[in-house]
Amino acid sequence: MPAPRTPADRAAAELAVAISALHRALDHRIRVDFPHDKLPDGQLALLRLVAEQEGVTVREAAEVLLMKPNNVSALVSQLTGLGLLERRSDPADKRVARLHPTRLARERIAEADALAGRHLAAAMRHLGEGELAALGSALGALRSLSGHLRPASGRD
């Protein structure tokens, strides 16, 4: 693979590696300490989306998650069976099902988020003031970057 040519190319390559490593390390720490069975990534992504966008349909979830609706439907069935997701009829159109997290799902998500926050806070206590300031300054740029990576509605 050829070396990145511009500073932005080099930064992008390094950022991709750093984010992946951070995600793996945090995921490992959560997996070790989380007292409940860990959900597969697809189920977890759908559950988080439904918690953020309560009332989303299967089709809408599939678009956001860049998945096929039949695959999302299978995940919905699995999560419903685990007591983590509910399907409710849309009041305006009974043929449409709206997805809602259960109380158990909200509790598990909150528990996992709190655990992740504690692990990150513990790790960040080992950073210097300059590193902490750099992370704080980078948060806005990372949010913006995330928005630019999401495909426009209806396009890949």
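Reader: What does the accessible surface of the protein come to, and what share belongs to carbon and sulfur atoms?
Author: The accessible surface is about 11100 Å², and 58% of that belongs to carbon and sulfur atoms. Areas are from the Shrake-Rupley method with a 1.4 Å probe, and for residues only the protein chains shown count as cover.

Reader: Where do these numbers come from?
Author: This is a predicted model, in which local features need pLDDT of at least 70 and side-chain atom pairs count only at pLDDT 80 or more, while totals for chains, interfaces and linings use all residues. Residues are numbered from 1 along each chain as its sequence is written, and side-chain values use heavy atoms, with hydrogens and water left out.

Reader: How many helices and strands, and in which pattern?
Author: The protein has 6 helices and 2 strands, in the pattern α-α-α-α-β-β-α-α along the sequence. Both are DSSP runs numbered from the N terminus: helices are H or I with at least four residues, strands are E with at least two.

Reader: How do α3 and α4 pack?
Author: Helix α3 (residues 58-65) and helix α4 (residues 69-81) pack at about 110 degrees, their axes 9 Å apart. That makes α3 roughly perpendicular to α4, a label for angles of 65 to 115 degrees. Axes are lines fitted to C-alpha atoms, for helices over the stretch in contact, and angles run from 0 to 180 degrees between N-to-C directions.

Reader: Which residues meet there?
Author: Val58, Arg59, Ala61 and Ala62 in α3 meet Pro69, Val72, Ser73 and Val76 in α4; contact means heavy atoms within 4.5 Å. By class, the residues of this contact are 6 nonpolar, 1 polar and 1 charged. Nonpolar covers Ala, Val, Leu, Ile, Met, Phe, Trp, Tyr, Cys and Pro, charged covers Asp, Glu, Lys and Arg, and the others, Gly among them, are polar.

Reader: And α2 with α3, at what angle do they cross?
Author: The axes of helix α2 (residues 41-52) and α3 cross at roughly 115 degrees and come within 11 Å. Ala45, Leu46 and Leu49 in α2 meet Ala61, Val64 and Leu65 in α3. That contact has 6 nonpolar residues, no polar and no charged ones.

Reader: Changing topic: is His119 buried or exposed?
Author: His119 is buried, because its relative accessible area is 14%; buried means under 20%, exposed over 50%, and partly exposed in between, with a 1.4 Å probe and protein chains only.

Reader: Where does His119 lie, and what does His119 touch?
Author: His119 lies in helix α5 (residues 103-124). Not counting residues up to four places away in sequence, His119 touches Leu26, Arg29, Ile30 and Asp33.

Reader: What percentage of the protein is buried?
Author: Buried residues make up 21% of the 156 residues.

Key. Parallel < 35°, antiparallel > 145°, perpendicular 65-115°, else oblique.
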